[in-house]
Amino acid sequence: MTPDIEFEALAEDALLLRFGNRIDLDINARVQAAAACLRQRLPQLECVPAYASLLLRFDPLGWSNGDGQLPHWRVQVAASAALAEADTYIPAPRELLIPVCYGGDYGPDLAEVAALCGLDAQAVTTLHAAADYRVAMLGFAPGFPYLLGLDPQLAVPRRSNPRQRVPAGSVAIGGNQTGIYPDELPGGWQLIGRTPLRLFDIASGNPSRLAPGDHVRFHAIDEDRFLQLAADRTA
Amino acid sequence: MSVEIIKPGLSSSLQDGGRFGYQSLGVGRAGAMDGPAWQLANALVGNSQGEAAIECTMIGPSLRFEQPAVIALTGAPMKAAVEELVLPMWTTCLLPAGSVLRLGGMSMGCRSYLAVRGGFAVTPLLGSRSSDMHARIGHEHGRALRAGDVLPLGTAEPLVDLAQSNELHVLGWSLDPQPWFDFNPQPLALLRGSHDAQLDAVSRRLLYGENFVVSQQGNRTASRLDGHALHLQAPFEMISEAALPGTLQLPPSGQPIVLMAEAPVTGGYPRIGQLAAVDLPRLAQRRPGDTVCFRDSSMDEALGRLAARQQRLARLIDTIAQRLQDIDPIQDRPIRDRLKSIRRERTPMDRS
């Protein structure tokens, strides 16, 4: 799995492994598999997966031994050796189910998304909840997942006027991706629903519900169920 | 033990070495903008566990110390006084109970550090007490300090028996700030970025030859550089990748941006350079309106400078620790002469 990886020294403490130049499920799957492998084999590296690349951060002075070679080269050799045996280290991805109340106040842009797609709101909801998504990476804000796997029929442009405040839990579409706002944030994606689950809790040792590589499915719930789950969460 | 903020200063926040290991969950490192200055402030008060200090920006806060405290100030030269007494920076100061420390403006630079023995003991989040003001993580959701905030202090063995003295003391020695603060700003070393080759020829010449001006819009997330717009030979779309502090990004506006301590965890702008890690604290000290110019550097040189700085810093921290151990008024009386009461020394002069 290593021959077609490009390695690039980004900074004294950072080496980037690039697996491709596209937003693509298969490329991202290789990124996630490599991250899972390297976390096990080389736990002293910090692995940061993105769509098509994996950033490794390391202690540059700890990886130097005075022989004139860059620590990046040593990290590259160690990572390549680990990835050459990757098959035995790929754990099954986690599968998470996220309840979503679609439309209404919870998804104020659902009607507009439906109009842009030439579908009715029910069809948008059904297509959105039918797909199997993968967390390609987390970014923008703590715990914000960029999800791959959106039905191409649901790809819509971002809003021309971004909102100053998107409510926490909002499920949204931006381009050909979907995501969930973990906190109240400014944002320009189209809001189609909201989950009552808390995605990010800084006080927890394991703060993010979702991690790169996770498989995610949405299931539609009604407002009563939303309120009940939200109340359970805060109880 | 606690400290109350009386006046907040311009943008003061608690910072330590940063939050490591959570970038893949969307949480950046944050931490002190001028790492060595933060480390030395801690060393001067005998803290050795990476305690949180207050990072002051442009104008420092005023604080009231309920109990006697051992403090140190480092970083950009900043006004500091207790009552009418001017406090020196880069040394250890012993404040009596009830002291009001008034920090003021900085004559140059823009980040100073106030460390207190025992450290500011707010609840750590994900292993750090740093305030990530951008991601709203940290004490009071990472917001800047406000008047009325009460910050708890950690416990530590007393450095000297402060209970015996009601006076303000300052150690008879201080560090030379020279290698740790740029009084004569030099060009900053820049490593060639991934997309350097795609800059047009004029832009590359500008990048490595001309002065840029630090924009008013800078903060702990990024420093925008005005002056010359830079251009790629052809527009270039890239997909988001992990981002790092020190990365020089080129957004479509053509005004380069250097990511700082609160760098977003991912970024999608072309990377035209990477500031050498040892020069990141130097850029952090350039205030809006200051000039910045870059010189071409290599990874080899950058790593060599980083190793040399770390060695120098470690040696200095060791030396400070030894000298602080020598301050023992009971077992080592002669060393006590190193403690001089600036009140005693200054009073005759002030009255003349």
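Which strands of chain B each supply at least two residues of the lining of the largest pocket? They are β15 (222–226), β18 (257–259) and β19 (266–267), where strands (E, at least two residues) and helices (H or I, at least four) are DSSP runs numbered from the N terminus. This tour concerns a predicted model, in which local features need pLDDT of at least 70, side-chain atom pairs count only at pLDDT 80 or more, and totals for chains, interfaces and linings use all residues. Residues are numbered from 1 along each chain as its sequence is written, chains are lettered from A and ligands numbered from 1 in the order in which they are written, and side-chain values use heavy atoms, with hydrogens and water left out.

**Stop 1: the largest pocket**

Select Q249(B), T266(B), G267(B), G268(B) and Y269(B). Of the 47 residues that line the largest pocket, these are the closest to its centre. A pocket is defined on a 1 Å grid over the protein atoms alone, as an open set of points where a 1.4 Å probe fits, with protein on both sides within 12 Å along at least five of seven lines; lining residues have an atom within 4 Å of a point. The volume is about 1,200 Å³, this being the space filled by probe spheres set on the points, which are joined across faces, edges and corners.

Next, colour β15(B), which gives the most to this lining, with three residues. By class, the lining of the largest pocket has 25 nonpolar, 18 polar and four charged residues. Ala, Val, Leu, Ile, Met, Phe, Trp, Tyr, Cys and Pro count as nonpolar, Asp, Glu, Lys and Arg as charged, and the others, Gly among them, as polar.

**Stop 2: the second largest pocket**

The second largest pocket has a volume of about 960 Å³. Select D13(A), F20(B), R29(B), A277(B) and R309(B), the closest to its centre of the 32 residues that line it. The lining of this pocket divides into 19 nonpolar, six polar and seven charged residues.

In chain B, α1 (35–44), β20 (271–275), α3 (280–284) and α4 (299–325) each supply at least two residues of this lining. Of the elements, α1(B) gives the most, with four residues.

Stay with α1(B). Eight of its ten residues are buried, so the helix is mostly covered, buried meaning under 20% relative accessible area, exposed over 50% and partly exposed in between (1.4 Å probe, protein chains only). The buried residues are P36(B), A37(B), W38(B), L40(B), A41(B), N42(B), A43(B) and L44(B). After α1(B) comes G46(B), with a positive phi near 80°.

**Stop 3: along α4(B)**

Move to R323(B), which is placed in helix α4 of chain B. R323(B) is partly exposed, because its relative accessible area is 30%. Draw a distance from R323(B) to R146(B): the two C-alpha atoms are separated by 35 Å, and the residues are 177 apart along the chain.

**Stop 4: the open sheet of chain B**

Display six strands of chain B in the order β7-β6-β9-β4-β1-β11; they form an open sheet with antiparallel pairing. Its edge strands are β7 (85–86) and β11 (150–152), each of which pairs on one side only. Two strands count as paired if DSSP finds at least two bridges between them. Within the sheet, β1(B) (residues 2–7) and β4(B) (residues 62–65) pair in the antiparallel sense over four bridges. Here I5(B) stands opposite L63(B) of β4(B).

**Stop 5: chain A**

Chain A has five helices and 13 strands. Its C-alpha atoms fill a box of roughly 65 × 40 × 35 Å along the principal axes. Of its 235 residues, 55% are buried.

Select β12(A), residues 190–194: five of its five residues are buried. β9(A) (residues 170–174) pairs with β12(A) in the antiparallel sense over four bridges, and the bridge partner of I173(A) is Q190(A). β5(A) (residues 95–102) also runs antiparallel to β12(A), joined by two bridges; the partner of Y102(A) is G193(A).

Finish at Q177(A), in strand β10 (residues 177–180) of chain A. Buried or exposed, how does Q177(A) count? Q177(A) counts as buried, because its relative accessibility is 6%. A polar contact of 2.4 Å joins the side chains of Q177(A) and Y51(A); such a contact is a pair of N or O atoms within 3.5 Å, where within protein one must be able to donate a hydrogen and the other to accept it, and residues adjacent in sequence count only if both atoms are side-chain atoms. Not counting residues up to four places away in sequence, Q177(A) touches I23(A), Y51(A), Y146(A), L147(A), L148(A), L150(A), A172(A) and W189(A), contact meaning heavy atoms within 4.5 Å.
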